[in-house]
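This briefing is meant to be read with the sequence and the structure side by side. Please look at both before going on to the points below, which are grouped by topic.

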Amino acid sequence: MSLIQLSGVPMRVVLVFATFSASIARWCQLENVKQDTQNDYTYIGPWRLDTCTTLTLDHGKCTEAECPYRIKFGDDEIIELADAMHGNTVLTALSLGSNKLSDESAKALAEVLRDNEALTDLHLQGNQISDDGAVALAQVLQENPVLTTLNLEHNIIGDEGGQAILDVLQSNTSALDTVHLSHNDVSPWILSTIAAENDRMMKPPEEPHGGEI
């Protein structure tokens, strides 16, 4: 009996590949990457990131078993996380929204991005990052070959940081193609230019006139 073909590839091979891809992709939260060694929701153990492709740490961590409210992550913990990310080749998306991260966390993450070739999405919305942190990220993203999406909404970034991020978005050396920067202290013209760049990146390239290749 012949195998069903898909673009010249046996369907059995396609199904095996899809099953394998799904098995290695893993979305993680705090309890997946840290042990609560004292059983008090402090999660003071080391970061274990090798099995996660997406890590979501929005809104901090629980304080009680019922989790009625959250303790937000601060710089110390995220700097420790950044240290654990050096050399990581698995994690592709990191979300740290709605915490208490300052420029120190942004700078630590920027250092990770100097040699990271796995992370494609970084979400830092709802923190306390200012121009210094935005500029630090922009400097390394100029040459980062993989990170495509950066979310810095709802921080305290001004025109200096906004312009630095815009420069990266418009450059030909960065992989960055989507930036979210609203609800900062950034001039409207910077935000509108970023929005236009985002739209431009989403459009497919135009074919030459007359259908020529």
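The secondary structure of the protein chain comes to seven helices and 10 strands, and the model shown here is a predicted one. Of the 213 residues of the protein chain, 41% count as buried.

**The chain as a whole**

- The accessible surface of the protein chain comes to about 11,900 Å², and 54% of that surface belongs to carbon and sulfur atoms.
- When contacts in the protein chain between residues at least 6 apart in sequence are considered, 73% of them join residues at least 24 apart.

**The disulfide**

- A disulfide is a covalent bond between the sulfur atoms of two cysteines.
- The count for this model comes to one disulfide, which joins Cys 28 to Cys 52 with an S to S distance of 2.0 Å.
- Cys 28 lies in strand β3 (residues 27-28), while Cys 52 lies in the loop between α2 (30-33) and β4 (54-56), so the pair ties together parts that are 24 residues apart in sequence.
- The torsion about the S-S bond of Cys 28 and Cys 52 is about -95°, and the disulfide is therefore left-handed.
- Cys 28 has a relative accessibility of 0% and counts as buried, and Cys 52, at 1% relative accessibility, counts as buried too.

**Lys 34 and its surroundings**

- Lys 34 is found in the loop between α2 and β4, and because its relative accessibility is 5%, under the 20% cut-off, Lys 34 counts as buried.
- Leaving out residues up to four places away in sequence, Lys 34 touches Tyr 43, Ile 44, Gly 45, Pro 46, Trp 47, Arg 48 and Glu 80.
- The side chain of Lys 34 reaches the backbone oxygen of Tyr 43 at 3.0 Å, and the side chain of Lys 34 also reaches the backbone oxygen of Gly 45, at 3.1 Å.
- Although Lys 34 and Trp 47 are 13 residues apart along the chain, their C-alpha atoms are separated by 5.3 Å.

**Helix α7**

- Helix α7 (residues 188-202) has 15 residues, which at 1.5 Å a residue should span 21 Å, and this agrees with its end C-alpha atoms, which are 21 Å apart.
- The buried residues in α7 are Ile 190, Ile 194, Glu 197 and Asn 198, and because they cover an arc of only 100° around the axis, they are on the same side of α7.
- An α-helix has 3.6 residues a turn, so residues three or four places apart point the same way.
- The partners against which the buried residues of α7 pack are α6 (159-170) and β10 (178-180).

**Two further loop residues**

- Gln 125 lies in the loop between β8 (121-123) and α5 (131-141), and because its relative accessibility of 19% is under 20%, Gln 125 counts as buried.
- Not counting residues up to four places away in sequence, Gln 125 touches several residues, among them Asp 58, Ser 95, Leu 96, Asn 151 and Glu 153.
- Val 146 is located in the loop between α5 and β9 (149-151), and, with neighbours within four places in sequence left aside, Val 146 is in contact with Asn 116, Glu 117, Ala 118, Leu 119, Thr 120 and Ala 175.
- The C-alpha atoms of Val 146 and Leu 176 are separated by 7.6 Å, and these two residues are 30 residues apart along the chain.

Technical notes:
Residues numbered from 1 in each chain as written. Predicted model: local features only at pLDDT ≥ 70, side-chain atom pairs only at ≥ 80, totals over all residues. Heavy atoms only, no water. Disulfide = S-S within 2.5 Å. Helix = DSSP H or I, 4+ residues; strand = E, 2+ residues; numbered from the N terminus. Buried < 20%, exposed > 50% of the residue type's maximum accessible area, 1.4 Å probe, protein only. Expected span 1.5 Å × (residues − 1). Arc of directions from axis to C-beta. Contact = heavy atoms within 4.5 Å. Areas by Shrake-Rupley, 256 points an atom, 1.4 Å probe, with all protein chains shown as cover. Polar contact = N/O pair within 3.5 Å; in protein donor to acceptor, adjacent residues only side chain to side chain.
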